[in-house]
Amino acid sequence: MNKRVSVICRAVSVGLLTGFMGQALAQSPEDFVKWFEANQSAEVTFKEGDTITFDDVEKIRAFVPPGYQDEMFFPGMEVKVRGQSDLTPAAIYQEVTERYQGQATLDDDGVISNYKAGQPFDPASFVAGDRMSGFKAAWNFNYRWQNHGLDIGNVLWVWVRKGDSHADHEIMSSEYADMFQGGGKFERVLQGPYQRAYLSHRADQVDTDFKEVDRWGENTEFRELTAFTSPFDIGGTAFIILRHDENVADDAWAYVPSLRRVRRISAEVKTDSLLGTDHTLEDFYCYAGRIPTYDWKYLGKARLLAVARSRNLDTVYYGPSGWTPKDDWELREVDVYQMIPKSKSHPYSTKFIMSDSQNAAPYYCNAYDHGNELWKVWQLSATWTNDEHFEGEGDSLSAFQSINVIDKQNDRGTLVPTTEVSYPTNKISKVKRSHDVNALTEGR
């Protein structure tokens, strides 16, 4: 056997042993399932303190989702392995879970009833391949511990084209320059604040039936504000979403400065590209839509390397395209479940979501087009609010640090790192000032 043939045979053998986990094969939902099945028996040959380089990449291939492997693996990569962290949610969330878990019910369409607060369903009851277990996993994700909600002073939306350089981009002369240490051409950068305020199913509101004692707390799960301050052509654009605590469509509004008016957003618009990025409004956190408007399937548990407890306060990127976090990665057990749109007009045919089994923090998801070809992959990084670099906020939260999506068919990424992140104890008076539709046009 000549040398070239020997190399080819060895490569094929590695591909078979890793359960079709090579990127060239991982292009369809069926290939994702093959990777998932191979992950079940994959041997862990790395340990805490190891630094995985490109020469050792086969050690971790089984523990990185297909589609993201060729974003994470490159000459010069350094994956630092940290030990598994205890990411147990806050004590109040655990106490409420113990008291009320098992009382919530689902109808055949996945609509939840009799839910109070805490984690609604016991993950030990989930059955691989089961539709209702898929709904339960999705509801556990939706109602994960997030205190009163998330407040981000500034979100960066960075459009990165594969290849070239961003060294001459104006952001490299800003306070954010150290975050972007890799390659890739920056096509556009948007900035602005984000807030999500929870009004019901709040584990801390035991004495008020777990909701704000205010009309805003009636039948309302949360209000969410996404705004943009720059660049100048979209400055002042803002969105508000009101998630009802019942089986009805969200209310959503947008203020577009060029029109000088507030307009309602239809459910269809929420699945369109957000201002030309690779995200939709429903792609936040991997999934931010209404659960009963989709069908679901639970695949089971897997083990993944994830940025679950970042060593950095803000995400730092590196790599040839500049869209890979330079960070500590730890092996986490995750729940894997599949979202299947009921509407034929939805841009995705399906999406796989991978969230932490301990606290439901999302780490990865893969979306496919209607030809069942891999379209987008998301990687999310989190930090831990009890750590010192998070300024000791506490509350045992996996804090949202960044969500990074790669359009595999267009060789473009949208990086969404966050700065000035907190999970504040909100006062309803403050929420009313910032999340009221009438406030969308203030100062604009």
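**Close-up 1. Strand S5 and its antiparallel partner S19 in the predicted model.** Strands S5 and S19, the latter spanning residues 412-422, pair in the antiparallel sense over eight bridges. Within this pairing, Ile 152 has Val 421 of S19 as its bridge partner. Strand S5 itself covers residues 149-161, and because 11 of its 13 residues are buried, the strand is largely enclosed by the rest of the structure.

**Close-up 2. Strand S5 and its antiparallel partner S6.** Strand S6, made up of residues 185-198, runs antiparallel to S5 and is joined to it by 11 bridges. One of the residues to look for here is Val 160, whose bridge partner in S6 is Phe 186.

**Close-up 3. The tilted ring pair of Trp 296 and Tyr 337.** A search of the whole structure finds 24 aromatic pairs, among them the rings of Trp 296 and Tyr 337, which have their centres 6.2 Å apart and their planes at 45°, so that the pair is classed as tilted. Distant parts of the chain are linked by this pair, since Trp 296 belongs to strand S11 (residues 294-306) and Tyr 337 to strand S14 (residues 328-341), 41 residues apart. Trp 296 counts as buried at 2% relative accessibility, and Tyr 337 is likewise buried, with a relative accessible area of 0%.

**Close-up 4. The edge-to-face ring pair of Phe 352 and Tyr 368.** The ring centres of Phe 352 and Tyr 368 lie 5.9 Å apart and the ring planes stand at 90°, an angle over the 60 degree cut-off, so the pair is edge-to-face. Phe 352 is in strand S15 (residues 350-356) and Tyr 368 in strand S16 (residues 362-368), so the pair ties together parts that are 16 residues apart in sequence. Phe 352 is buried at 1% relative accessibility, and Tyr 368 is also buried, with a relative accessible area of 1%.

**Close-up 5. A cluster of aromatic rings that includes Trp 157.** Ring pairs link Trp 157 with Tyr 194, Phe 228, Phe 284, Tyr 285 and Phe 400 into a cluster.

**Close-up 6. Charged side chains over the rings of Phe 222 and Trp 378.** Arg 196 lies over the face of Phe 222, at 3.9 Å from the centre of the ring. In the second example, the charged end of Lys 351 sits over the ring of Trp 378, at 4.5 Å from the ring centre.

Definitions and conventions. Residues numbered from 1 in each chain as written. Predicted model: local features only at pLDDT ≥ 70, side-chain atom pairs only at ≥ 80, totals over all residues. Heavy atoms only, no water. Buried < 20%, exposed > 50% of the residue type's maximum accessible area, 1.4 Å probe, protein only. Helix = DSSP H or I, 4+ residues; strand = E, 2+ residues; numbered from the N terminus. Pairing = 2+ DSSP bridges. Phe/Tyr/Trp six-rings, centres within 6.5 Å; stacked < 30°, edge-to-face > 60°. Lys NZ or Arg CZ within 6 Å of the ring centre and 35° of its normal.
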